[in-house]
Amino acid sequence: MKKIEAIIKPFKLDDVREALSEIGVTGMTAIEVKGFGRQKGHTELYRGAEYVIDFLPKVKLEIVVSDDLAERCIEAISTAARTGKIGDGKIFVSSVERVVRIRTGEEGEAAI
């Protein structure tokens, strides 16, 4: 099993969710986060004063899928989240050793 963590722009969340649903992903966690990478933040004007916004709003998705679904999941996220501009985000993939469904005690892929 693989855990896929994706950092995307907030307005792309619905597009990514739909793309994942189409390939059979049944669940994910979305967390509102703030951060920066190569974007380095930006400046904004408010009532004539300039403010530096160091951390930009992003959405972090966490998805655990079977090994055979992982590559399609990565491709779906990449395609749906891409705008072609700086700050589109990143995808991190790691192995999951064990999954346990708390309610039933199921383990492994049955618990996903």
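# Reading a predicted protein chain

Guide: A compact globule of 112 residues would have a radius of gyration near 13 Å, but this protein chain comes to 17 Å. The model is a predicted one.

Visitor: What box do the C-alpha atoms of the protein chain fill?

Guide: Along the principal axes, the C-alpha atoms fill roughly 60 × 25 × 20 Å.

Visitor: How many helices and strands does the secondary structure of the protein chain have?

Guide: There are 2 helices and 6 strands. Read from the N terminus, the elements follow the order β-α-β-β-β-β-α-β.

Visitor: In what order do the 4 strands of the open sheet stand?

Guide: The general idea comes before the case. Strands of a sheet are held in pairs by backbone hydrogen bonds, and the pairing is either parallel or antiparallel. Here the sheet is open, its 4 strands stand in the order β2-β5-β1-β6, and the pairing is antiparallel.

Visitor: Why is one side of β2 and of β6 left without a neighbour in the sheet?

Guide: β2 (29-35) and β6 (89-95) are at the edges and each has a single partner strand, so one side of each has no neighbour in the sheet. On average, and with direction ignored, neighbouring strands of this sheet are turned by 20 degrees against each other.

Visitor: Over how many bridges do β2 and β5 pair?

Guide: β2 pairs with strand β5 (residues 56-65) over 7 bridges, in the antiparallel sense. Two of the residue pairs can be looked up in the model. Valine 33 has lysine 58 in β5 as its bridge partner, and lysine 34 has proline 57 in β5. β5 also pairs with β1, again antiparallel and over 7 bridges. Alanine 6 is found opposite leucine 61 of β5.

Visitor: Which strands does helix α1 lie across?

Guide: Helix α1 (residues 13-22) lies across β1 (2-8), β2 and β5, and runs at about 10 degrees to β5. Helix α2 (residues 67-81) also packs on the sheet, where it touches β1, β5 and β6. The direction of α2 makes about 5 degrees with that of β1.

Visitor: What does lysine 2 contact, leaving aside neighbours within four places in sequence?

Guide: Its contacts include Ile63, Val64, Val65, Asp67 and Ala70, and also Val93, Ser94, Ser95 and Val96. With serine 95, lysine 2 makes a polar contact of 3.3 Å, side chain to side chain.

Visitor: What share of the residues of the protein chain counts as buried?

Guide: The share is 29% of the 112 residues. A residue counts as buried under 20% relative accessible area and as exposed over 50%, with partly exposed in between. Lysine 2 has 25% relative accessibility, so lysine 2 counts as partly exposed. Arginine 17, with a relative accessible area of 38%, is also partly exposed.

Visitor: Is aspartate 88 buried or exposed?

Guide: Aspartate 88 has a relative accessible area of 16%, and therefore counts as buried. The loop between α2 and β6 holds this residue.

Visitor: Which residues does aspartate 88 touch, not counting those up to four places away in sequence?

Guide: Aspartate 88 touches Ile7, Ile8, Lys9, Ala81, Arg82 and Thr83. The side chains of aspartate 88 and threonine 83 are joined by a polar contact of 2.4 Å.

Key:
Residues numbered from 1 in each chain as written. Predicted model: local features only at pLDDT ≥ 70, side-chain atom pairs only at ≥ 80, totals over all residues. Heavy atoms only, no water. Pairing = 2+ DSSP bridges. Axes fitted to C-alpha atoms, helices over the stretch in contact; angles between N-to-C directions. Contact = heavy atoms within 4.5 Å. Buried < 20%, exposed > 50% of the residue type's maximum accessible area, 1.4 Å probe, protein only. Polar contact = N/O pair within 3.5 Å; in protein donor to acceptor, adjacent residues only side chain to side chain. Rg over C-alpha atoms; globule rule 2.2 N^0.38 Å.
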